[in-house]
Amino acid sequence: MRCPYCNFENDNNYEFCRNCGQRLERREVYDNQSFANQPTLDYNAYNDYQSNNPYYRDQYVNNGNQGSVSNNGNQGNNDDKKKTTTVIICSVVAVVIVLIAAIALMVHFTSDNNTSDVNDYSVTDTTQSNDGQEQTEESTKKKTTTTKKKEEKVKEDKNLVPDMSAEQRSKINMFISNFAETDLSPFNRYGDYSDEDIINFSLCHNYANKNGDIEVSNGTVMLKGSVVRKNAERFFGVDIMNQSTSLADFDDYDDVYWSSIDVMDYYSDTAHFTYGHYYSMAVVDSMVSNGDGTYDVSFKIYRKNNDEGALSKKYYKYTPKQAANSEYVYSVGEGKAVVEDYKDGKYRLVSYEATKL
C-alpha cells in the first residue's frame, strides 16, 4: 500500500507508514491467530506505530499477540522496560542492603558502648577499691617526706663548727679574719655597700698580707686598679667603679691607686694591722648551712697581745673555747656574716657586720 503522505510503498498488512509513520488509509483488523502468523514486524515501523499511536500499541499488547520486534539484533521496547524494571529492583535491593548494614552498625556500636560502660563501671569500681590503698600510700609518703625534711632541717640547723677539723676551722676563721683585721664597714651584696669601702679593703688586705701585687717604696704605696677589681669579685662577688678614696688617689690613665705610707699606717693602726703583719683575727663559733650553698656565721674578734708580736697561722685553728681561754689573745668584738661556697673550696662574702666591744 502506498503512503498518501510520502509515497512510500508499504506492505498491505501495515497500518502505519514505514517511512513517515503516518497511518495508512486502509486499516485491516486481524484476529489473534492470523496476527500471530504474520511476518515479524520491522522495528522502525513498530517504533513509529508506538510513538504516534500508543492506543493501538497497548491494544496489541493487551490482546496477547506474540509478534516479535527486532532491529538488526537490538532489543525492543519490552526489553527496555525490563531493563528499567531491573534497575529499579536493583536500586531498591541496594537501598535495603544499605539500610540493613546501617542498622547492623548501629546495633554493633550500641553494644560496644554498653560494654564500654560496663568496663568503665568496672574500672571505676577497681579505682575506688584502690583509693584507700593509694591514699594510705600517699599518706605514708607524706609522712616519710615530712620526717626527712625534719631530719634535713635538724641537719641544716646543726652547728658545723664542733665537727670541723683543724684545717676546716682554719679556712673559715682565716676568711672572716680578712674583714675583721681591716675593720670592714657593714656590707650586704644585695643591700647597702659602697665601692669606696671595697676599694679600701683591697688596699688594706694587700698591704697587711704584703702581697706581691702591692708596691711600697719611697713612702708610697701603689696598687693596680685591675687587682682591686679582682679582689672585689673574689671576696664580695661584685663589680666596682674605680675612684679615689680616703686612703688612695686613683690614676685613671695608669689604672693605679696611689697612697702614702703615713696614711696606710694611720689607718692600719686603727684596724689592727701593719705592713706585712696583722694583729686581729676572727674565730667562728657557729656556722649553719642554709641548704643552698650559703651559711650563717657568727664569730668573735680577737686581738693579739702587743707584747706577743703578730699573729701566726696556728691561731686560726683555734676553737671558740681555745680562743676564749687563751692568754695570747683577747676579745675586742663580735659579728655575723653570710658566706657562700666559692671556687676551689673557698668562701665568698654575702653580708658582714661587726661591732666592737
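**View 1. Aromatic pairs across the predicted model.** Counting rings of Phe, Tyr and Trp (its six-membered ring) as paired when their centres lie within 6.5 Å, the total is 15 aromatic pairs. Planes under 30 degrees apart count as stacked, over 60 as edge-to-face and the rest as tilted. This is a predicted model, in which local features need pLDDT of at least 70 and side-chain atom pairs count only at pLDDT 80 or more, while totals for chains, interfaces and linings use all residues. Residues are numbered from 1 along each chain as its sequence is written, and side-chain values use heavy atoms, with hydrogens and water left out.

**View 2. Y295 meets Y347.** Here is an edge-to-face pair, with 6.4 Å from centre to centre and 85 degrees between the planes. Y295 belongs to strand β11 (residues 294-304) and Y347 to strand β13 (residues 347-356), so the pair ties together parts 52 residues apart in sequence. Strands (E, at least two residues) and helices (H or I, at least four) are DSSP runs, numbered from the N terminus. Both Y295 and Y347 are buried (under 20% relative accessible area; exposed is over 50%, partly exposed in between; 1.4 Å probe, protein chains only).

**View 3. Y315 beside Y328.** The ring centres of Y315 and Y328 are 6.5 Å apart and their planes lie at 70 degrees, so this pair is edge-to-face. Y315 sits in the loop between β11 and α9 (320-325), and Y328 in the loop between α9 and β12 (329-341). Y315 is buried at 6% relative accessibility, whereas Y328 is partly exposed at 32%.

View 4. One aromatic cluster includes F175, F235, Y295 and Y347. R234 lies over the face of F235, 4.8 Å from the ring centre (the rule asks for NZ of Lys or CZ of Arg within 6 Å of the ring centre and within 35 degrees of the ring normal).
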